[in-house]
Every structure is written in structure tokens, then in C-alpha cells.
Amino acid sequence: MYDETLRSQKEIVLCEDGTNTLYSKEFDEPYHSTKDGALHESLEKHVKPSFSLKKEKEKLTILDICFGLGYNTFATLYYIKKQNLSTKVHILSPEFDEGLIRSLNTFDYPPEFENIEHIIKTISQDLYYEDEQFKIEILLGDARKSIPQINEMIDIVYQDAFSPAHNPLLWTREYFKDVRAICKEDALLTTYSTAASVRLGLYENDFLIFVHRAQMMRYSTVASLKMLEDLEYIDMELKKERNPTAQSIRDLNYNL
Ligand SMILES: C[S@@+](CC[C@H](N)C(=O)[O-])C[C@H]1O[C@@H](n2cnc3c(N)ncnc32)[C@H](O)[C@@H]1O
């Protein structure tokens with residue numbers, strides 16, 4: 001179902017927070033919400049909620065689905081450096097668009113990423129970066145194939161694929177089963193999607209569902225394998241009773 005010819009066709013789009021993203025012709029969708037903004041969205045929907053819930057951990061392993069322009073990975077490094085955290089972070093990030101990653105050394109990133117420019121360039125060239133605090137690995141190829149081969153156990157998943165309507169195979173119940181299989185017992189998943197079908201797919205794989213509200217943007221979802229005290233809990237059994245026709249997205253409806 002993926003279109004290699006369209007893959008190279010992308011246009012730069014300026015978001016409302018002043019940061020740049022791309023528009024993908026292959027998926028007919030921007031890489032970020034242009035309203036929420038690429039950097040703002042990464043920080044508010046993924047990095048800040050994750051690090052506030054995992055602040056006691058000295059070492060975190062993050063699955064960043066998928067790398068794209070790398071905003072979620074780079075915003076994580078930016079946040080850690082800005083907050084002077086000593087947390088060691090290992091990021092694994094599937095991505096099948098090698099041409100995109102190779103082009104990132106010339107992408108016009110925001111000034112916030114200036115002091116990690118050397119990391120961006122190294123990743124763009126080697127698809128890998130490592131120092132005493134950070135290890136970043138791009139898993140080149142189809143995420144559906146690379147995720148089941150991951151041997152690390154994951155603390156945090158940034159679930160930031162193109163939307164379920166445009167890239168359903170990265171939102172199915174079976175996909176979330178593979179993700180759940182490599183998650184630690186207290187793992188978290190952050191996503192911009194608030195769709196009932198997505199939340200059901202997560203719930204059917206043991207995730208509890210919570211609402212995350214951030215400043216100046218639409219609410220999003222935090223899913224967790226253990227109960228969280230400070231977030232608004234969504235009773236999925238009640239949701240199912242009220243909406244009996246709602247279903248998770250399934251592999252069998254698409255060509256894998
Ligand atoms: C919405 S973008 C990710 C944006 C990224 N998180 C960021 O912050 O820049 C989705 C990415 O998923 C990649 N992708 C889509 N389907 C994939 C698959 N099956 N396996 C690997 N990468 C995939 C696309 O090439 C694209 O780069």
C-alpha cells in the first residue's frame with residue numbers, strides 16, 4: 001500500500017509556532033499539526049507528559065514511532081539539556097524513509113535545536129548517535145517488521161504515526177500487541193489521537209487510558225500499563241457500553 005514514487009514528494013510548511021514541518025504527498029498529510037506546531041506539539045504532547053510521569057527514572061528507553069523529521073527525539077534531547085537532567089536516554093526509532101533522514105542535515109530546524117546540531121548531522125549521516133548520556137538508533141525499514149525484533153524493554157512510546165485514516169497499519173490492535181510485548185510493566189504511551197478506535201486498540205492490549213491537557217492545544221491521550229493518579233482516567237468499559245458499535249482497527253481490513 002506504500003508508494004515509493006510519492007515518498008520523495010514533500011513540501012515545507014510553516015506551523016503556527018514558527019517551526020517548519022513537511023507535507024507528505026504519500027500520506028496526504030502534514031508531519032505535524034500545523035496549528036499546534038511541530039516543536040510545540042512534540043514538547044507538549046509527548047516529551048513533557050512523559051518526563052513528568054517518569055521523573056524519578058535515571059535511565060529511560062523510548063520507542064519513537066516513527067522518526068520522520070526527528071522532532072520528538074530532538075525535543076527530548078532539548079528538554080533534557082534545558083532542564084539539566086542527568087537522565088540517560090536510549091531512543092529507538094523505526095523509519096522507512098531513508099531519503100528523508102539523509103536530508104535532515106539541511107532541514108531548517110528551530111533555534112532551540114542549535115546546540116544539538118552535531119547530533120542531528122550525525123544521525124542524518126550514520127542513522128545512529130551515541131555519547132555518555134544519549135544513544136539514538138534509527139531502525140530502518142517497516143515498523144511492523146522492526147518492532148517485533150526489538151530486544152530492549154521500553155519505558156515510553158511516542159506514538160506519532162500519520163493518522164489512523166491515512167496510515168491505519170500503525171494503529172491496529174495487532175500493531176499495539178507488538179508494541180505492548182516490548183513494554184515494561186509501567187510503560188507509558190503518548191499520542192495525539194483521541195479516537196475511540198485507537199483507545200480501544202490500546203485498551204484491548206492492557207493499556208489504561210487517560211486524557212492529557214496541555215496549554216494552547218487540543219487535548220491528547222496518555223495510555224499507561226499501570227494506574228496513574230494525576231491524570232483524568234477514562235473508563236473504557238463505560239465507553240464501550242455507551243458506544244457498542246465502536247471497534248479497534250484490525251489488520252485484517254488492510255493489506256499488510
Ligand atoms: C507523522 S510522521 C512522524 C513525525 C515525527 N514523529 C516527527 O516528530 O518529526 C510519520 C513518519 O512515519 C513514517 N512511516 C510511515 N509508515 C511507516 C512504516 N510502516 N514503517 C516505518 N516508517 C513509517 C513516515 O515515513 C513518516 O516519516
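**How closely do the axes of helix H2 and helix H3 come, and at what angle do they cross?** The axes of H2 (residues 38-53) and H3 (residues 71-82) come within 9 Å and cross at roughly 65°. The model is predicted: local features need pLDDT of at least 70, side-chain atom pairs count only at pLDDT 80 or more, and totals for chains, interfaces and linings use all residues. Residues are numbered from 1 along each chain as its sequence is written, and side-chain values use heavy atoms, with hydrogens and water left out. Axes are lines fitted to C-alpha atoms, for helices over the stretch in contact; angles run from 0 to 180 degrees between N-to-C directions. Helices (H or I, at least four residues) and strands (E, at least two) are DSSP runs, numbered from the N terminus.

**View 1. The contact of H2 with H3.** H2 passes H3 in a right-handed crossing (the near helix is turned clockwise from the far one by less than a right angle). On the H2 side, the contact residues include Leu-39, Leu-43, Val-47 and Phe-51. They meet H3 residues, among them Tyr-71, Ala-75, Tyr-78 and Tyr-79. Contact means heavy atoms within 4.5 Å. By class, the contact has ten nonpolar, four polar and one charged residues. Ala, Val, Leu, Ile, Met, Phe, Trp, Tyr, Cys and Pro count as nonpolar; Asp, Glu, Lys and Arg as charged; the others, Gly among them, as polar.

**View 2. An open sheet of three strands.** The order is E1-E2-E3, and the pairing is antiparallel. Two strands pair if DSSP finds at least two bridges between them. E1 (10-14) and E3 (29-30) stand at the edges with a single partner strand each, so one side of each lacks a neighbour in the sheet. Two bridges join E2 (residues 20-24) to E3. Tyr-23 has Pro-30 in E3 as its bridge partner.

**View 3. Phe-27 and Phe-96 form a stacked aromatic pair.** The whole structure holds 14 aromatic pairs. Rings of Phe, Tyr and Trp (its six-membered ring) pair if their centres lie within 6.5 Å; planes under 30 degrees apart count as stacked, over 60 as edge-to-face and the rest as tilted. Here the values are 6.5 Å centre to centre and 20° between the planes. Phe-27 lies in the loop between E2 and E3, Phe-96 in the loop between E5 (88-95) and H4 (98-103), 69 residues apart. Buried means under 20% relative accessible area, exposed over 50%, partly exposed in between (1.4 Å probe, protein chains only). Phe-27 is buried at 7%; Phe-96 is partly exposed at 25%.
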